[in-house]
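Please open the structure in your viewer and keep the selection panel at hand.

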Amino acid sequence: MSDCLFCKIAAGEIPSNKVYEDDLCYAFYDIAPQAPVHFLVIPKAHIASVSDVTEANSAVVAHIFTVISKLAKELGLESYRVVSNIGEQAGQSVFHLHFHVLSGRDMTWPPG
Ligand code: AMP
(Lines give C-alpha, C1' and ligand atoms only; values in the text may rest on other atoms or scores of the structure.)
Protein backbone atom coordinates (compact mmCIF):
# COMPACT_ATOMS: atom_id res chain seq x y z
CA MET A 1 0.00 0.00 0.00
CA SER A 2 1.46 3.32 -1.04
CA ASP A 3 0.55 5.17 2.17
CA CYS A 4 1.53 2.42 4.62
CA LEU A 5 4.41 3.22 7.00
CA PHE A 6 5.58 -0.39 7.33
CA CYS A 7 5.35 -1.02 3.55
CA LYS A 8 7.70 1.96 3.17
CA ILE A 9 10.05 0.63 5.86
CA ALA A 10 10.11 -2.83 4.23
CA ALA A 11 10.88 -1.21 0.88
CA GLY A 12 13.72 0.85 2.36
CA GLU A 13 11.91 4.11 1.60
CA ILE A 14 11.88 5.06 5.31
CA PRO A 15 14.97 4.26 7.39
CA SER A 16 14.88 1.66 10.13
CA ASN A 17 17.28 -0.24 12.34
CA LYS A 18 17.23 -3.58 10.52
CA VAL A 19 17.54 -6.88 12.36
CA TYR A 20 16.88 -9.25 9.46
CA GLU A 21 15.48 -9.36 5.93
CA ASP A 22 14.59 -11.99 3.36
CA ASP A 23 12.28 -12.19 0.36
CA LEU A 24 9.16 -12.53 2.49
CA CYS A 25 9.70 -10.57 5.69
CA TYR A 26 11.57 -7.72 7.35
CA ALA A 27 12.57 -7.32 11.01
CA PHE A 28 13.57 -4.03 12.64
CA TYR A 29 13.93 -2.51 16.09
CA ASP A 30 10.90 -0.67 17.45
CA ILE A 31 11.35 3.11 17.55
CA ALA A 32 9.80 3.25 21.06
CA PRO A 33 11.07 0.10 22.76
CA GLN A 34 8.95 -1.35 25.56
CA ALA A 35 11.67 -3.75 26.74
CA PRO A 36 15.49 -3.91 26.53
CA VAL A 37 15.02 -5.95 23.34
CA HIS A 38 12.02 -4.97 21.21
CA PHE A 39 11.85 -5.60 17.49
CA LEU A 40 9.06 -6.06 14.98
CA VAL A 41 8.74 -8.68 12.25
CA ILE A 42 6.51 -7.84 9.29
CA PRO A 43 5.55 -9.46 6.00
CA LYS A 44 6.79 -7.49 3.00
CA ALA A 45 3.39 -7.93 1.37
CA HIS A 46 0.72 -5.73 2.89
CA ILE A 47 -1.66 -7.50 5.29
CA ALA A 48 -3.51 -5.13 7.62
CA SER A 49 -3.62 -7.39 10.70
CA VAL A 50 -4.19 -10.97 11.89
CA SER A 51 -7.83 -10.37 10.97
CA ASP A 52 -6.81 -10.35 7.31
CA VAL A 53 -4.80 -13.59 7.42
CA THR A 54 -6.40 -16.25 5.21
CA GLU A 55 -5.55 -19.68 3.83
CA ALA A 56 -4.24 -17.87 0.76
CA ASN A 57 -1.71 -15.63 2.55
CA SER A 58 -0.92 -17.46 5.80
CA ALA A 59 2.31 -19.11 4.63
CA VAL A 60 4.17 -15.90 5.41
CA VAL A 61 2.94 -16.05 9.00
CA ALA A 62 4.44 -19.51 9.47
CA HIS A 63 7.63 -18.23 7.89
CA ILE A 64 7.72 -15.23 10.23
CA PHE A 65 7.54 -17.54 13.23
CA THR A 66 10.51 -19.56 11.96
CA VAL A 67 12.37 -16.26 11.57
CA ILE A 68 11.43 -15.18 15.11
CA SER A 69 12.71 -18.50 16.47
CA LYS A 70 15.96 -18.15 14.52
CA LEU A 71 16.52 -14.52 15.53
CA ALA A 72 15.78 -15.24 19.19
CA LYS A 73 18.45 -17.95 19.19
CA GLU A 74 20.94 -15.71 17.39
CA LEU A 75 20.31 -12.85 19.81
CA GLY A 76 20.54 -15.18 22.82
CA LEU A 77 16.98 -14.57 23.98
CA GLU A 78 16.09 -17.29 26.45
CA SER A 79 12.67 -15.87 27.34
CA TYR A 80 10.63 -13.55 25.22
CA ARG A 81 7.10 -12.54 24.32
CA VAL A 82 5.55 -12.35 20.83
CA VAL A 83 2.58 -10.01 20.52
CA SER A 84 0.32 -8.89 17.70
CA ASN A 85 -2.29 -6.25 18.43
CA ILE A 86 -5.45 -6.38 16.32
CA GLY A 87 -7.59 -3.26 16.23
CA GLU A 88 -7.39 0.03 18.07
CA GLN A 89 -8.86 -1.21 21.35
CA ALA A 90 -6.13 -3.86 21.55
CA GLY A 91 -3.48 -1.21 20.88
CA GLN A 92 -2.83 -1.53 17.16
CA SER A 93 -1.51 1.77 15.83
CA VAL A 94 0.05 0.66 12.52
CA PHE A 95 -2.30 -1.26 10.26
CA HIS A 96 0.26 -3.52 8.62
CA LEU A 97 0.59 -6.96 10.24
CA HIS A 98 3.49 -7.05 12.70
CA PHE A 99 4.70 -9.24 15.50
CA HIS A 100 6.38 -7.54 18.44
CA VAL A 101 9.26 -9.54 19.96
CA LEU A 102 9.98 -8.33 23.49
CA SER A 103 12.66 -9.59 25.87
CA GLY A 104 15.05 -8.64 28.64
CA ARG A 105 12.72 -7.74 31.51
CA ASP A 106 10.11 -9.33 33.74
CA MET A 107 6.67 -9.26 32.12
CA THR A 108 3.28 -9.37 33.71
CA TRP A 109 0.35 -11.59 32.82
CA PRO A 110 -2.35 -10.72 31.98
CA PRO A 111 -1.07 -7.76 29.95
CA GLY A 112 -2.56 -4.35 30.69
P1 AMP B 1 1.14 -1.44 17.35
O2 AMP B 1 0.85 -0.28 18.25
O3 AMP B 1 0.92 -2.79 17.95
O4 AMP B 1 0.43 -1.26 16.02
O5 AMP B 1 2.70 -1.39 17.08
C6 AMP B 1 3.28 -0.44 16.22
C7 AMP B 1 4.68 -0.26 16.67
O8 AMP B 1 5.40 0.39 15.66
C9 AMP B 1 4.83 0.59 17.93
O10 AMP B 1 5.46 -0.16 18.96
C11 AMP B 1 5.68 1.77 17.47
O12 AMP B 1 6.60 2.21 18.45
C13 AMP B 1 6.37 1.19 16.25
N14 AMP B 1 6.79 2.15 15.26
C15 AMP B 1 6.08 3.18 14.75
N16 AMP B 1 6.80 3.84 13.83
C17 AMP B 1 7.99 3.20 13.76
C18 AMP B 1 9.18 3.41 12.99
N19 AMP B 1 9.27 4.41 12.09
N20 AMP B 1 10.22 2.59 13.18
C21 AMP B 1 10.15 1.59 14.09
N22 AMP B 1 9.06 1.33 14.84
C23 AMP B 1 8.00 2.14 14.67
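Begin with the largest pocket of this predicted model, whose volume is about 690 Å³. Its lining comprises 32 residues, and those closest to the pocket centre are Asp30, Gln34, His38, Leu40 and His100. Select these five and centre the view on them.

Next, colour the lining by residue class. It contains 17 nonpolar, twelve polar and three charged residues. Which elements each supply at least two residues of this lining? They are helix 1, strand 2, strand 3 (37–43), strand 4 (80–83) and strand 5 (99–103). Helix 1 gives the most to the lining of the largest pocket, namely three residues.

Now display the ligand. The space that the ligand takes is the largest pocket, so defined on the protein atoms alone. Select the shell around the ligand: of its 16 residues, Asp30, Asn85, Gly91, Ser93 and His100 come nearest. Asp30 and His100 were also among the residues closest to the centre of the largest pocket.

Nine of the shell residues are nonpolar, six are polar and one is charged. Turning to secondary structure, select helix 1 (5–10) and strand 2 (25–29), each of which supplies at least two residues of the shell. The largest share, three residues, comes from helix 1.

The next stop is the set of polar atom pairs between the ligand and the protein backbone.

- Select Ile31: one of its polar backbone atoms is 3.1 Å from a nitrogen atom of the ligand.
- Select Gly91: a polar backbone atom of this residue is 2.8 Å from an oxygen atom of the ligand.
- Select Val94: a backbone N or O atom of this residue lies 3.0 Å from an oxygen atom of the ligand.

Taken alone, the ligand exposes 500 Å², of which the protein buries 83%.

For the last stop, move to the segment after strand 5, where Pro110 is placed. Select Trp109 together with Pro110 and inspect the bond that joins them. Is this peptide bond cis or trans? The bond from Trp109 to Pro110 is cis, with omega near 5°.

Methods: Residues are numbered from 1 along each chain as its sequence is written. This is a predicted model: local features need pLDDT of at least 70, side-chain atom pairs count only at pLDDT 80 or more; totals for chains, interfaces and linings use all residues. Side-chain values use heavy atoms; hydrogens and water are left out. A residue is near a molecule or strand if one of its heavy atoms lies within 4 Å of it. A polar contact is a pair of N or O atoms within 3.5 Å; within protein, one must be able to donate a hydrogen and the other to accept it, and residues adjacent in sequence count only if both atoms are side-chain atoms. Accessible areas come from the Shrake-Rupley method with a 1.4 Å probe; for residues, only the protein chains shown count as cover. On a 1 Å grid over the protein atoms alone, a cavity is a set of points where a 1.4 Å probe fits but cannot get out, and a pocket is an open set with protein on both sides within 12 Å along at least five of seven lines; lining residues have an atom within 4 Å of a point. A molecule sits in a cavity or pocket if more than half of its atoms lie within 2 Å of its grid points. Helices (H or I, at least four residues) and strands (E, at least two) are DSSP runs, numbered from the N terminus. Ala, Val, Leu, Ile, Met, Phe, Trp, Tyr, Cys and Pro count as nonpolar, Asp, Glu, Lys and Arg as charged, and the others, Gly among them, as polar. Grid points are joined across faces, edges and corners, and a volume is the space filled by probe spheres set on the points.
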